[in-house]
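Here is the note I promised on this model, arranged as numbered points. Please read each point with the structure open beside it.

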Amino acid sequence: MTKTITLAHGNGGQENNELISKVFYKAFKNDILEKSEDAAVIHNGELAFSTDSFTVSPLFFNGADIGKLAVCGTCNDLAMMGAKPKYLTCSVIIEEGFDLRNLEKIVRSMKQELEINGAIVVSGDTKVVPRGSVDKIFINTTGIGEIQKKGISSNNISSDDLILVSRDIGAHGATIFAAREGIEMNTSLESDCASLYPQVQVLIDADIKITALRDATRGGVSAVLNEWAKQSNICIEVEEEKIPISDEVKGICELLGFEAMALANEGTFVLAISKEDAQRAIEVLKTFEKNSKASIIGKVSDQYIGKVVLNSSWGTKRFLELPTGELLPRIC
Ligand code: MG
């Protein structure tokens, strides 16, 4: 590891994971943290607990803003543990000179998204720092959720499961990229930013055998699959042609040389579902309009333990690696 922090250390990929394990996990080591779930499972398995900070630039973008993102991000990590989001904190660090109307707009977005989750903000903190000490506004949210279905874990995936994705991938990353590069898109490209608890609730109500769920945020679907392969000691084999990618996202990827699998999402999740229920899970997911492209993308094997294999439609195979380098700072 280099002696100073680089932007790559926040990429949601390899360098990020190294920093977390060598600095934070080493210092804070405990059984709950080491499970590396989307949210910590506490209080005899009854509650999920998670935190996230939001630094996205620009603050307002097609499909959402930093406020909506700040509620979705934390609530989604709770939902991925089968938990219903209940209580959130909201801490903001605001730069001197920030437009009050924009602050109100951001807070309105937060309120709307809290209502979708049935959650409330019960504690918060506000700091204002001199101009230049922070870029406009950074938001931290921490959330507690009530676990509705116990036992969902990224450490228990086996060959009895199939791997699914809830919708077409990469929309958030592509939207932020396009906004930052000033690319005028005459298309419907917008962030997928959305609260996922309503979808998780319907899956639980339908009694789908859920093994694991993870929202494909920084590092994208690539990061989720690689993390799962390592955590569950399995090989995940993905059929490249089954991965849903919109034409708009494909266009941005071709233009800027990205892989959609490594692009961030904020309302898209990967599921490990028991084989007998996988098709039914797809049907349940598709009852949500935005999930019309929900798909079974892969299976679990013991071919290369800890690795993800991408099978192309031409019959070639390659490893899908954990994203590395400076992907896209301040994506969330
Ligand atoms: Mg997550």
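Over the face of which residue does Lys-105 lie, and at what distance from the ring centre? The first point below takes this up, after a word on the basis of the note. The model is a predicted one, in which local features need pLDDT of at least 70 and side-chain atom pairs count only at pLDDT 80 or more, while totals for chains, interfaces and linings use all residues. Residues are numbered from 1 along each chain as its sequence is written, and side-chain values use heavy atoms, with hydrogens and water left out.

1. Lys-105 and its ring. Lys-105 lies over the face of Phe-60, at 4.4 Å from the ring centre; a charge is taken to sit over a ring if NZ of Lys or CZ of Arg is within 6 Å of the ring centre and within 35 degrees of the ring normal. Lys-105 belongs to helix α4 (residues 100-117), where helices (H or I, at least four residues) and strands (E, at least two) are DSSP runs numbered from the N terminus. With a relative accessibility of 39%, Lys-105 counts as partly exposed, on a scale where buried means under 20% relative accessible area, exposed over 50%, and partly exposed in between (1.4 Å probe, protein chains only). Leaving aside residues up to four places away in sequence, Lys-105 touches Phe-60 and Asp-65, contact being heavy atoms within 4.5 Å. The C-alpha atoms of Lys-105 and Lys-317 are separated by 47 Å, the two residues being 212 residues apart along the chain.

2. Lys-307 lies over the face of Phe-319, at 4.8 Å from the ring centre. Rings of Phe, Tyr and Trp (its six-membered ring) pair if their centres lie within 6.5 Å, with planes under 30 degrees apart counted as stacked, over 60 as edge-to-face and the rest as tilted; by this rule the count comes to three aromatic pairs. One of them joins Tyr-304 and Phe-319, whose ring centres are 5.0 Å apart and whose planes stand at 85°, so the pair is edge-to-face. Because Tyr-304 lies in the loop between β12 (295-301) and β13 (308-311) and Phe-319 in strand β14 (residues 317-319), the pair ties together parts that are 15 residues apart in sequence. Tyr-304 is partly exposed, at a relative accessible area of 36%, and Phe-319 is also partly exposed, at 34%.

3. The metal site. What coordinates the magnesium ion? Asp-38 (OD), Asp-77 (OD) and Asp-215 (OD) do so, at 2.1 to 2.7 Å, and along the chain these donors follow the spacing D-x38-D-x137-D. Asp-77 in helix α3 (residues 66-79) and Asp-215 in strand β9 (residues 210-215) are 138 residues apart, so that this pair links distant parts of the chain. Asp-77 is buried, with a relative accessible area of 11%, and Asp-215 is buried at 5%. A caution for the reader: donors are N, O and S atoms within 2.8 Å of the metal (3.2 Å for Na, K and Ca), and water is not among the atoms, so sites may look incomplete.

4. The two domains. The protein is divided into domain 1 (7-147) and domain 2 (161-319), with bounds that come from an automatic or database domain assignment. Their centres, taken over C-alpha atoms, are separated by 21 Å, and 31 residues of domain 1 are in contact with 26 residues of domain 2. Between them the domains bury about 2100 Å², 54% of it on carbon and sulfur atoms; buried area is the accessible area (1.4 Å probe) that two parts lose on being put together, summed over both. Asn-62, Asn-76 and Met-80 supply 26% of the area that domain 1 buries against domain 2, more than any other three residues.

5. Asn-226. This residue lies in helix α7 (residues 220-231) and, at 4% relative accessibility, counts as buried. Asn-226 touches Val-308, Leu-320, Glu-321 and Leu-322, not counting residues up to four places away in sequence.

6. Backbone points to check. Most residues other than glycine have a negative phi, and most peptide bonds are trans. Ser-57 and Pro-58 are joined by a cis peptide bond, with omega about 0°, and Pro-58 lies in the loop between β2 (47-54) and β3 (60-61). His-43, although not a glycine, has a positive phi of about 55°; His-43 lies in the loop between β1 (40-42) and β2 and is exposed, at 52% relative accessibility. Asn-44 likewise has a positive phi of about 55° without being a glycine, is placed in the loop between β1 and β2, and is exposed at 69%.
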